[in-house]
Structure formats: structure tokens, C-alpha cells
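Reader: I would like to learn how to read the features of a model like this one. Please show it first, then take the terms one by one.

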Amino acid sequence: MGIISWIILGLLAGAIAKILLPGRDPGGLVGTTLIGIVGAFIGGWGASHFFHHPVTKHFYDGATWISAIAGALVLLIIYRLLFGNSRSRN
């Protein structure tokens, strides 16, 4: 996949991660979007490095999507731990 495909995948993975882990984030929409993009890259790297499952060149591969969403979820959790979870705020 090209860089544009990874960015689109990251945007969608970030949105799905946000749906799976609702709440207000300190970074808002821009922060969540960047977390999704970086999460897609990290998830793809983790899948190929730790699970020996190479990232395919197909945009519609289920394993690629799962790894991108998992990477975005992990980064979203770390982001909330580092910068505070605003669920406790009004």
C-alpha cells in the first residue's frame, strides 16, 4: 500500500478506535486522527515483527485492519494515560 492508503487506513482506524473507546480526549479530533495514523503504522509494524504476519499490499485485508485498529487503540490508551482522561471532568 502507498502512503496515502496508510493515511486513509489510519484515519479510519482512529475513528474506529475512538468508537470502541469513547470519551473526550485532550487532543480532540486532530489528536485522535494523528493517533490513528501512527497507530496504523505501529500496528502494521507490530504484526509483521512480532506475529510474523507481513502486511499485505491489499487495502481490504482483514489482518491489516485489525492490526491498524489495535495499534490505534494502544496509542489512544497510552495517550490518555499520559495526558489525562477527561471523562472525570465535566
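Author: Start with accessibility: buried means under 20% relative accessible area, exposed means over 50%, and partly exposed is in between, with a 1.4 Å probe and protein chains only. Leu29 has 71% relative accessibility, so Leu29 counts as exposed. This is a predicted model, in which local features need pLDDT of at least 70 and side-chain atom pairs count only at pLDDT 80 or more, while totals for chains, interfaces and linings use all residues. Residues are numbered from 1 along each chain as its sequence is written, and side-chain values use heavy atoms, with hydrogens and water left out.

Reader: In which helix does Leu29 lie?

Author: Helices are DSSP runs of H or I with at least four residues, strands are runs of E with at least two, and both are numbered from the N terminus. Leu29 lies in helix α2.

Reader: How many helices and strands are in the chain?

Author: The chain has three helices and zero strands, in the order α-α-α from the N terminus on. Of its 90 residues, 33% are buried.

Reader: At what angle do the axes of α1 and α2 cross?

Author: Axes are lines fitted to C-alpha atoms, for helices over the stretch in contact, and angles run from 0 to 180 degrees between N-to-C directions. Here α1 (residues 3-20) and α2 (residues 28-49) have axes that come within 7 Å and cross at roughly 115°. Angles under 35 degrees count as roughly parallel, over 145 as roughly antiparallel, 65 to 115 as roughly perpendicular, and the rest as oblique. Therefore α1 and α2 are roughly perpendicular to each other.

Reader: Which residues of α1 and α2 make the contact?

Author: Contact means heavy atoms within 4.5 Å. On the α1 side the contact is made by Ile3, Trp6, Ile7, Gly10, Leu11, Gly14 and Lys18, and on the α2 side by Thr32, Thr33, Gly36, Ile37, Ala40, Phe41 and Gly44.

Reader: What do the buried residues of α3 pack against?

Author: They pack against α1 and α2. Among the buried residues of α3 are Trp65, Ile69, Leu76, Tyr79 and Arg80.

Reader: Why does the length of α3 agree with what a helix should span?

Author: The expected span of a helix is 1.5 Å times one less than its number of residues. The 22 residues of α3 (residues 62-83) should therefore span 32 Å, and the end C-alpha atoms are 31 Å apart, which agrees. Just after α3, Gly84 has a positive phi of about 90°.
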